[in-house]
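Open the model in your viewer and keep the selection tool at hand. Follow the stops in order.

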Amino acid sequence: MKTLENISIFDNLECKNFENSILTKKNISKFLYPEYENLVFINGKFSISFSNFSKNISIENKDFLEINVCKRLNKKIHFLHLTTNEINSNLSKIKINIEKDSKIVILQQFLNFDDNLNIFKNVFEIFLNKNSSLDHYILQNSENNFLLNSFKINIFENGLYNSFLSNFKAKISKFNFEVNLNEKLSKAFVNGIYLSKNQNILNHYFEINHLESFTESSIFIKGILKDESKAFFEVSTSISKDIKEISAKQLNKNIILDTTAKCYSKPILWIRSSDVKCSHGSTTGYLDQDAIFFLQSRGIDLLEAKKIVLSAFLKEIYEKIDLDEVKNFIDGELL
Amino acid sequence: MLEIKNLKVKVKNNDIIKGIDIFLKKGEIHVIMGPNGSGKSTLSNVITGKNGYEIEGSISYKNEDLLKKSIDERAVLGIYQAFQYPIEIPGVNSLNFIKQSLNAIRKRKNQKPLDSIEFKNLIKEKQLELGIDDSFLKRDINVGFSGGEKKKFDILHMSILNPELIILDEIDSGLDIDALKSVAEGINKIKNGKTILIITHYQRLLNYIKPDIVHIMKDGKIVLTGGREIVNILEKEGYKSFEKTTL
């Protein structure tokens with residue numbers, strides 16, 4: 001096994017090879033949260049020199065980067081994924097192993113450092129062991145990139161995966177989620193928001209596998225689209241044979257702000273058991289003009305009226321967010 | 001205060017209002033009565049500024065060309081339309097919205113926005129004045145409100161914004177006798193000095209709010225204008241008997 005030191009791909013990188021580089025501790029520290037364990041990745045590669053984390057997180061480099069999170073951890077973890085054309089690298093594989101009986105919060109943020117068009121692919125595999133819970137916030141705000149993110153979430157007995165996904169700015173972004181409810185009483189809830197504009201193409205694919213009895217899943221994503229952009233939503237929930245007391249929900253709602261944007265929505269249920277409670281739905285429509293008229297008739301100007309209606313549309317999802325950092329980030333995007 | 005001259009309105013090439021003239025002086029209460037499809041609600045929407053209409057003629061309000069104003073500019077000028085079917089907006093808290101709307105108008109009139117305490121005091125004062133409890137104000141706009149609560153919310157909002165021209169568009173529809181009486185009492189409490197245009201099918205609201213001028217509208221035209229006695233004629237003879245007449 002390689003040691004931590006050996007995998008420090010970008011260790012001591014700071015301003016070494018690049019004149020006028022933006023990759024300085026000062027620049028990067030602006031994006032870090034002091035109260036978090038901060039793990040910094042640049043173009044998919046882990047940087048020790050820019051990261052700061054305690055011994056409750058251990059990191060090993062195998063074919064992939066393996067991050068082990070110990071239940072003693074009492075801080076939240078911030079994964080900062082920065083992209084820049086200064087470094088020629090674009091693929092990362094990260095395995096996150098969460099110890100049993102842990103209660104962990106991960107904030108995973110994707111940002112870009114320059115305006116160049118780059119292609120990045122990240123593969124994440126998360127193991128949520130017995131009695132552990134993970135609140136997983138994913139904020140994709142990386143502009144001008146082709147960003148492909150795959151998440152494979154393995155949940156074991158009485159594990160709880162609670163995720164919030166926001167997907168905002170990439171030229172093309174693709175989020176693939178495979179969620180395996182492997183053992184009884186495991187639960188997965190994914191809520192999310194996408195804002196699609198400027199000809200963005202935003203893709204969201206979910207594969208939810210109920211492999212054992214007494215498991216529960218819910219996927220609830222809302223989207224707002226405009227400016228010739230496209231958004232794809234597909235969720236395929238599969239319920240295995242001979243398992244019982246399953247609850248599975250799928251819901252996608254979209255508002256299209258002009259006639260040039262397009263939305264494709266496909267909720268699919270594969271039910272092979274009879275003891276299930278399932279629901280699925282999808283709605284897409286334009287901004288409610290009657291609501292806009294009503295708000296304007298009470299003295300609110302058109303722009304503010306649109307903001308009120310859109311904020312109200314997102315409120316259901318927004319209220320599920322517990323982290324102020326995430327709420328502030330979303331607020332900034334909506335203004 | 002409000003002058004409507006030779007107003008013609010089309011929707012998707014269909015003539016809805018076919019040339020009407022109405023003049024409302026400050027402080028007058030006018031009522032427009034007419035059967036379904038006569039163009040009454042279209043008229044109130046056109047005054048408020050709703051989109052989707054092809055409009056000819058003129059509407060001036062306090063000597064300003066109203067048709068050149070946006071919907072919100074008309075609200076700032078003091079025009080308030082109470083809707084027949086108040087819209088539900090899940091996700092927008094009723095009380096916060098009243099405050100937001102009041103402060104939006106105050107800001108555009110270069111008045112200082114009310115802070116939370118000032119607003120709380122104002123709303124309590126209006127609630128006491130109108131006899132409206134605040135239980136439904138904690139909910140989102142009109143979501144889960146009874147028909148009566150929707151109209152009370154409208155009247156409370158109206159009293160807070162303190163408009164000069166109030167358009168009541170069939171606010172009596174869907175109300176039982178007690179709720180109608182309660183809503184009418186609310187309007188009577190805030191009507192002093194205000195100009196009111198009531199649009200209704202029925203005479204029953206007029207048992208509580210006494211109009212100065214009554215217009216009968218039929219097939220996009222005002223076919224009769226006169227005093228309160230028209231209401232009694234209408235009750236006896238219905239709309240079919242009216243031709244274009246002025247009493």
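**Before you select**

This is a predicted model, where local features need pLDDT of at least 70 and side-chain atom pairs count only at pLDDT 80 or more, while totals for chains, interfaces and linings use all residues. Residues are numbered from 1 along each chain as its sequence is written, chains are lettered from A and ligands numbered from 1 in the order in which they are written, and side-chain values use heavy atoms, with hydrogens and water left out.

**Stop 1: chain A**

Select chain A. Its C-alpha trace spans about 60 × 55 × 30 Å along the principal axes. Colour by secondary structure to find four helices and 19 strands. Both are DSSP runs numbered from the N terminus: helices are H or I with at least four residues, strands are E with at least two. Of the 335 residues in chain A, 53% are buried, meaning under 20% relative accessible area with a 1.4 Å probe, protein chains only.

**Stop 2: helix 2 of chain A**

Select 289–297 in chain A; this is helix 2. Among the buried ones are Ile292(A), Phe293(A), Phe294(A) and Leu295(A).

Now look at the start of the helix. A side-chain oxygen of Asp288(A) comes to within 3.0 Å of the backbone nitrogen of Asp290(A). After the helix, pick Gly299(A): its phi is positive, near 100°.

**Stop 3: where chain A meets chain B**

Show both chains. Here 17 residues of chain A are in contact with 28 residues of chain B; contact means heavy atoms within 4.5 Å. The two chains bury about 1800 Å² between them, 68% of it on carbon and sulfur atoms. Buried area is the accessible area (1.4 Å probe) that two parts lose on being put together, summed over both. Highlight Phe293(A), Phe294(A) and Arg298(A): in chain A they lose the most area to chain B, together 41% of what that side buries.

**Stop 4: charges across the interface**

Which residue of chain A forms a salt bridge with Lys50(B)? Select Asp290(A): the closest N and O atoms of this pair are 3.4 Å apart. The rule finds three salt bridges across the interface, each a side-chain nitrogen of Lys or Arg within 4 Å of a carboxyl oxygen of Asp or Glu. Helix 2 gives the largest share of chain A's side, seven residues.

Definitions and conventions
Buried < 20%, exposed > 50% of the residue type's maximum accessible area, 1.4 Å probe, protein only. Polar contact = N/O pair within 3.5 Å; in protein donor to acceptor, adjacent residues only side chain to side chain.
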